[in-house]
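Open the structure in your viewer and keep the selection tool ready. This tour moves from one selection to the next.

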Amino acid sequence: ARDGVLGSTAGADTNDPIWSAAGLQFATDDWVDYGTEADLRSDAWTVCVAAKITPGVSVPLLGWGATAQVPAIYAAAPFNQNRPLIWLANTCFRYFEKNSPVDTQDAGWHFFVFSCPGNASADILLSELTVDGQQQAANSSDNSVDGQAKTTVRLGAAGTGQFANAEMAFFSYHNRVLSVAERESMRTYAKTILEGRVALP
């Protein structure tokens, strides 16, 4: 387990997400800072998040850059019709469909599992997204360059300009690609511990 710091120590409460009955409510300028923890900046990774996103807006779930909006994971990108996105560098990314098979823009709770086996250009083509236990279709990819170095870790923000407008009730980071069975186990676990607060599909 790793402890995070809510928002900014420079402006107490100014950048803090709000606690809700389900979890954390993120709005403009809100994030959770995990600093430069090496375990959260691995080349291979899987990120599991139970989130309720606001339709039609950018929703960065996790950002690894101090100022730039890359590298990051988005439940809804700031462009390309708010499709989910793994964005490791300007020309190293993979978009996923936002409604095939699961509609991620329906204002409901969903369990997102993003994974990528490495930070090299070829790895982005092997990245995946499952939503509510179903593999989300890939939309488009670019693997012209390797991914940028991950320098810091923020939940709910990508750099200084992209902030989640979402509610998050569960977050886990794994420094490897989880198997299909392990991803389903994480979803089952999240559904169990969130019962009574969040109804996951």
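**Start at a covered ring**

Select F170. With a relative accessibility of 9%, F170 is buried, because buried means under 20%. Keep in mind that this is a predicted model.

How far apart are the ring centres of F170 and Y189? They lie 6.1 Å apart, and the planes meet at 75°, so the pair is edge-to-face. F170 belongs to strand 17 (residues 166-174), while Y189 belongs to helix 1 (residues 180-193), so the pair ties together parts 19 residues apart in sequence.

**Along strand 17**

Of its nine residues, eight are buried, so colour by accessibility to see a strand that is mostly covered.

Next, look for its partners. Strand 3 (residues 24-26) runs antiparallel to strand 17, and three bridges join the two. Pick Q25 here: E167 of strand 17 stands opposite.

Then bring in strand 5. How many bridges pair strand 5 with strand 17? There are eight, again in the antiparallel sense. For one of the contacts, select V47, whose bridge partner in strand 17 is Y173.

A search of the whole structure turns up nine aromatic pairs.

**Charges over rings**

The charged end of K150 sits over the W64 ring, 5.1 Å from the ring centre.

Now select W31 and R154. Here the charged end of R154 lies over the ring of W31, 4.4 Å from its centre.

**Last stop: a ring cluster**

Which residues does the cluster of ring pairs link? Select Y74, F79 and W87 to show it.

**To revisit**

- F170 and Y189: an edge-to-face pair.
- Strand 17: paired with strand 5 over eight bridges and joined to strand 3 by three.

Definitions and conventions. Residues numbered from 1 in each chain as written. Predicted model: local features only at pLDDT ≥ 70, side-chain atom pairs only at ≥ 80, totals over all residues. Heavy atoms only, no water. Phe/Tyr/Trp six-rings, centres within 6.5 Å; stacked < 30°, edge-to-face > 60°. Helix = DSSP H or I, 4+ residues; strand = E, 2+ residues; numbered from the N terminus. Buried < 20%, exposed > 50% of the residue type's maximum accessible area, 1.4 Å probe, protein only. Lys NZ or Arg CZ within 6 Å of the ring centre and 35° of its normal. Pairing = 2+ DSSP bridges.
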